[in-house]
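Notes follow in the order I went through them.

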Amino acid sequence: MSLPLVVLLPFLGAIAAPLFAQGGRTAIAIASSVPALIALAALYPHWPVLADGGVVRFHQDWLPAIGIAVSFRLDGLSLLFALLILVIGLLIILYARYYLKPKENVAKFYALLLCFKGAMLGIVMSGNLLLMLVFWELTSLVSFLLISFWTHKQDARRGARMALAVTGGGGLALLAGILLIGRMVGSYELDDVLAAGELIQGHALYPIALTLVLLGAFTKSAQFPFHFWLPHAMQAPTPVSAYLHSATMVKAGVFLMARLYPVLAGTEQWFYMVSFTGMATLLLGAYVAMFKHDLKGLLAHSTVSHLGLITLLFGMGTQLAAVAAVFHVINHATFKASLFMAAGIIDHETGTRDMRRINGLWRYMPHTATLAMVAASSMAGVPLLNGFLSKEMFFAESLALNLPGLWAWLPPIVATLAGIFAVAYSARFIHDVFFNGKPVDLPIYPPHEPPRYMKIPVEILVFACVMVGMFPAVSIGPLLYAAASATLGGDVPEYHLAVVHGFNLPLLMSFVAFFGGLLMYSQRQRFFDFHARFREIDEKAVFEAVVSRVSSVAHSLTGRIENGSLQRYLLLLLISVIAVTLAPLLDLGLFIGERGLSPVDAPTAIAAAVMILASVLTAVLHRERFYALTLLSVVGLIVALAFARFSAPDLAMTQLSVEVVTIVLLMLALYYMPSWTPLESRRSQRVRDVAIALLAGVGMTLVTLAMLTQPFSSISDFFLENSKPGGGGTNVVNVILVDFRGFDTLGEITVLAIAALGIYAMLKDTALTPPPGDGLGHPWTRDAHPLMLKQIARPMLPLALLVSVFIFLRGHNLPGGGFIAGLITSVALILQYIASGMVWTQARIAVKYHNVIGVGLVFAVIAGAGSLAFGYPFLTSTFGYITWPVVGTFEVASAMVFDLGVYLTVIGATLLALVSIGRLSPHSAIKPKREGT
Amino acid sequence: MELVFALIIGTLTASGVYLLLRARTFPVVVGLTLISYAVNLFLFATGRLSTGAQPVIGSADTYADPLPQALVLTAIVIGFAMTAFVVVLSLRNLADNEDDHVDGHQGSRIPQPKSEEVPRQ
């Protein structure tokens, strides 16, 4: 249980810490330290198991169907990284307390820092690859926020964007890689994956999976050619640079390589991709670092170079190289974090990071200078410091690589060359900053030592450098062994942690590097002149140019496809529908099936002919909108007849009442609109549209014909059999609606309600003045509410309501039900609006239709939830029989309550929609209706 | 019978599609309504055509497939809601743009000029 706690605590801390911001920086720093301290205490008991190469696990299924689990796994490697994250995190918290200014948003800083810590712990301790990826992406996101912490700086925002684009993009590649691995192994659990190394390496997709995973690792760990984001991330506050961009986040890629080392490494592909990338990064970073005038820029490129070194070690593929890589992870984290902190102190105390201006600081801050010089020496690989040990192992491994022919020289030469550069830039860091004359034009003068406590984190890290450098076997031996054994999957090769191994070739390389570096530094002016001859590529400008190029291409592409013309979208949509469906439909074979055709009777044929004619005329005469509408209503009525003819009485009744409401609605809309459509399209356009329409029509005809003549089997037998015994009703359609498929119906009336509310919202503050006449020179009739209509409509209301109640009540057993009854009631009410006008009717209907909708939905939900009270699933219905005197025995079903909800929702939605439109006109009180003309 | 039914659906679709491609909101709404008729009839037809077989237990010897009927019943009502929504959308468009062209202001955002024929107004 302690494993999820360790990961979760920082996140809880991120929520809690800002509460202490009121108490000042010290309070929040102390509060922020608590999660790490508890986590360290929680991890401590596991040490004996881990030291022997054991593994601690926590597993909780989450979505077992797709292999996602909340699974944590702690072994030596995760412990090593967890310790780096927690301990350096604590030091950073202390350091940031003094680095940040009181007026800065300290709460945000610490909250983000803790989020980051949690995400990072999640990466190293996840026992499930997908879970790890979630934390992986989380570090990219939090890193984005931390780099852009000073949001007012444009460079910070750009740097953050670049980091996010590169690492986030890499994360996507990693996701694909992980999915592939999961597919090969059949599990995303790390234990299963680690056990399936041979399976994966033998798989045909291995090269692709490897490439994708490495893309993720290389982007995160700033490997060439993705290294450019790291130097630009230096716009972050220095504690962030020290923590994220030297000790932890950039190590996540390296961690991934170590984690999957037993699975992915050992093949040629791995060797070439990883070692050459590492070599290129190692050299490039070291070379560029020498020419940076910015203190943090130098350190950033040096970090790139060291990450390349670690990558190269992993790429070599030998077991000893992997041990050296893990060792260098520790060493680099300690000396680089302390150097960043020292750089931050210098920046803090002098106001600049330009090495051409900060010179001779030894005199002003000897204490800081000593610390920085020791750390920089470690970076250069000076003996008795930890950097020397791992670099020595690196040199030895570069010699041990068995490359064919002259290629065998390449790794040692690259290693020595990089060593020379490393010594040169370390020398520059020491000499330029602390000696080399006097400071030039410092913003803060004279500089002095920082607050006492700000130096403590640096002191601790530098102390670690020295301890590891002098007594490696005692200080780091056990932890390194545990981590190496976890990396290699058990068998650790013989290696010897000692300060001096006697005089051998690696030591000679160290000497060459050391003196070569010093020589290079002394001749630096020549190199600077040489370097100045090349035009420096500003990665940021290139990146921004690429981004803006991509986005402008995307813009123009989008603009070309999505040009704002609905006509065009519909055209493209229809063409694609036809194009996409054509081939599969032809494959199916559109012909008359086995059932054959049944004979046609005369009334049906006549009705069909009228309907076809009306439908065609609707299209032909569409420019005269009133005619089109009239013809449309003919079509709608015959659709209702068709339902009646083909044994669907419920549908016929629904269609009939919906038809009335639809036509009223369209009439109402037409009142505000022009009553004709101008001829705008070219002849060729119309011919094209007719062709598309005919294609669609012929297609639908053939599909329908083929379908209708095919034999089929339906699941409806179940409904027919169970309607009466199970649902208590004989009208199977209604029982399906309110019982078998009640949940669907609940969804549907909800959609209805949303549509009505949407209509209301859309028209709420809109006013539309109707044209004064029908547009053809005829004014509206002045008799807005004709007497005859008024007089007939009023007595109709109670009759119609009675009918609707009847239809509602019988719905469970005979055609009818909530939908139809609701529509009939709506039609009856709408008639009152038409006949007597908005004001008159509204004054007599005391309810708001919103509330009717709401009550309806509540009824439906209560009817459904009622069954929960009796321990049945949602929307289970029950029924019984009640005997009343006079009336006799009749049936009561709980589904009736549900149907009542449907009924009310339909009324509310229909009337809300129509009344909203009716109210549009500013003088709706005397609004004439065309129905009356 | 099947042929007649298929022809009806085909004609409704063709008329609807043609109207859908017009440039003004009202014909588009009418076209949409025609298409929804066609779709409803088509869905209904998945239960095949039968005469005098209403799915009310005890009222006939054989029963038509009740499932497509139940689906179509709600489809009709929701189809109405959507028609109403689109109508209101076009009214709002009219109110905001003082024009009932489907693209908002006619020609304002359309790159290629389409106004060979100026509206009659």
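Predicted model: local features only at pLDDT ≥ 70, side-chain atom pairs only at ≥ 80, totals over all residues.

**The hairpin in chain A**

Strand S1 of chain A (residues 56–63) and strand S2 of chain A (residues 68–74) run antiparallel, and I found 7 bridges joining them. I picked out A:Asp61 and looked up its bridge partner in S2(A), which is A:Ala69. Next I went to the turn: the hairpin of S1(A) and S2(A) has 4 residues between the strands. A:Gly67 in that hairpin takes a positive phi near 80°.

**Chain A as a whole**

How many helices and strands are there in chain A? I got 39 helices and 4 strands. Then I checked burial: chain A has 933 residues, and 50% of them count as buried. I also looked at sequence separation in the contacts of chain A, taking pairs at least 6 apart in sequence. Of those contacts, 79% join residues at least 24 apart.

**Where chain B touches chain A**

I moved on to the contact between the chains, which takes 104 residues from chain A and 85 residues from chain B. On the chain B side, helix H1 (2–20), helix H2 (25–45) and helix H3 (66–97) each supply at least two residues. Which of the elements gives the largest share of the side of chain B that touches chain A? That turned out to be H3(B), with 23 residues. Last, I sorted this side of chain B by residue type and noted 57 nonpolar, 15 polar and 13 charged residues.

Methods. Residues numbered from 1 in each chain as written. Chains lettered and ligands numbered in written order. Contact = placed C-beta atoms within 7 Å. Nonpolar A, V, L, I, M, F, W, Y, C, P; charged D, E, K, R; others polar. Pairing = 2+ DSSP bridges. Buried ≥ 20, exposed ≤ 12 C-beta atoms within 10 Å, placed from the backbone.
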